[in-house]
Each structure stands twice: as structure tokens, then as C-alpha cells.
Amino acid sequence: MSRVQLALNVGDLDAAIEFYSKLFGASPAKVRDGYANFAIDEPALKLVLIEGDGEPGSLNHLGVEVETTDDVGAAIARVRAEGLVTAVEEQTTCCYAVQDKVWVQGPDNRPWEIYTVLEDADVMHPVDSACCAPNAVAEACC
């Protein structure tokens, strides 16, 4: 099942987890230092909370979580055929997961990712890398 991803910057992770748990009637699927995500079935939503990265309450980035690397490949082919500029990342560690993904820069420099999670990871991202960073995506894509 695919689900839309909404990644939000939060000022207080614990308070945000408490609020969104009540709002969606669901517990987080993953909680790590400065990070949490919810895999909500109804509505189909991957809600990501990132503490300390950007203005609290602001949008970090958007995405679509898909089931397989083949689905990511199909998305790459489709968006490139539409003339969109892409930045492909394979086996990248981001958001405490190893992922295959493609980034596309949307209107108003809003980054979108289409990704699949391959496995869990022990770190948010490698020390020399910045994942889920709109500026890094803009530089990679455009």
C-alpha cells in the first residue's frame, strides 16, 4: 500500500507524539532521538516528526512511501518522462531507515520524495550527510 508522507518540524517531540497519537488514534511506528513516525492506515498517511530541524510547526518535506524498489524505479521513469528533474538515492540512510528514493523539486522549492524502506537503521543519517534537508535536495535536483 502506498501512502502520502507529511514530514513536519516540531519543537517538542514528546508533545507532538502525544497530540498526533490522540488525533489519529494511533501510536508511533518508530520513535528515536529527535524523530518519530506514524504509519496510519486510515487515512493512508506516513506522518514524520523531526525535532530541531527548521521552524517548529513548519513543513519539512513531502513524499510518497511505496512498497518496493521497483515502485521507486517506476516513479523515476514516470516523472522523468514528464520532464521533471530528479535526484536518485539508492541504499541511503535517512530517518533511521535504509531507503531507495527519488527526490523531485516541486513548486516553491518544496521537495517531494518517493521512497521505499529497505531496513531499519541505527542513525538518522550518516554524519557527513543531511537527509530530509530541503536545501540539499534543491542543490541535488536543480
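A: Let's start with Lys30, which sits in strand β2 (residues 30–32). Keep in mind that this is a predicted model. Lys30 counts as buried because its relative accessibility is 13%, and the cut-off for buried is under 20%. Its side chain makes a polar contact with the side chain of Asp120, at 2.6 Å. Setting aside neighbours within four places in sequence, Lys30 touches Tyr35, Ala36, Asn37, Cys95, Tyr96, Ala97 and Asp120.

Two of those names, Tyr35 and Tyr96, lead us on to the rings. A pair of aromatic rings is described by the distance of the centres and the angle of the planes. With ring centres required to lie within 6.5 Å, the count comes to three aromatic pairs. One of them is Phe19 with Tyr20: the centres are 4.9 Å apart and the planes are at 85 degrees, so this pair is edge-to-face. Phe19 is partly exposed at 46% relative accessibility, whereas Tyr20 is buried at 19%.

Then there's Tyr35 with Tyr96, where the centres are 5.5 Å apart and the planes are at 50 degrees, so the pair is tilted. This one links distant parts of the chain: Tyr35 belongs to strand β3 (residues 35–40), Tyr96 lies in the loop between β6 (86–94) and β7 (97–105), and the two are 61 residues apart. Both Tyr35 and Tyr96 are buried, and both are in contact with Lys30.

Back at the other pair, Phe19 and Tyr20 form one aromatic cluster together with Phe24.

Definitions and conventions: Residues are numbered from 1 along each chain as its sequence is written. This is a predicted model: local features need pLDDT of at least 70, side-chain atom pairs count only at pLDDT 80 or more; totals for chains, interfaces and linings use all residues. Side-chain values use heavy atoms; hydrogens and water are left out. Rings of Phe, Tyr and Trp (its six-membered ring) pair if their centres lie within 6.5 Å; planes under 30 degrees apart count as stacked, over 60 as edge-to-face and the rest as tilted. Buried means under 20% relative accessible area, exposed over 50%, partly exposed in between (1.4 Å probe, protein chains only). Helices (H or I, at least four residues) and strands (E, at least two) are DSSP runs, numbered from the N terminus. A polar contact is a pair of N or O atoms within 3.5 Å; within protein, one must be able to donate a hydrogen and the other to accept it, and residues adjacent in sequence count only if both atoms are side-chain atoms. Contact means heavy atoms within 4.5 Å.
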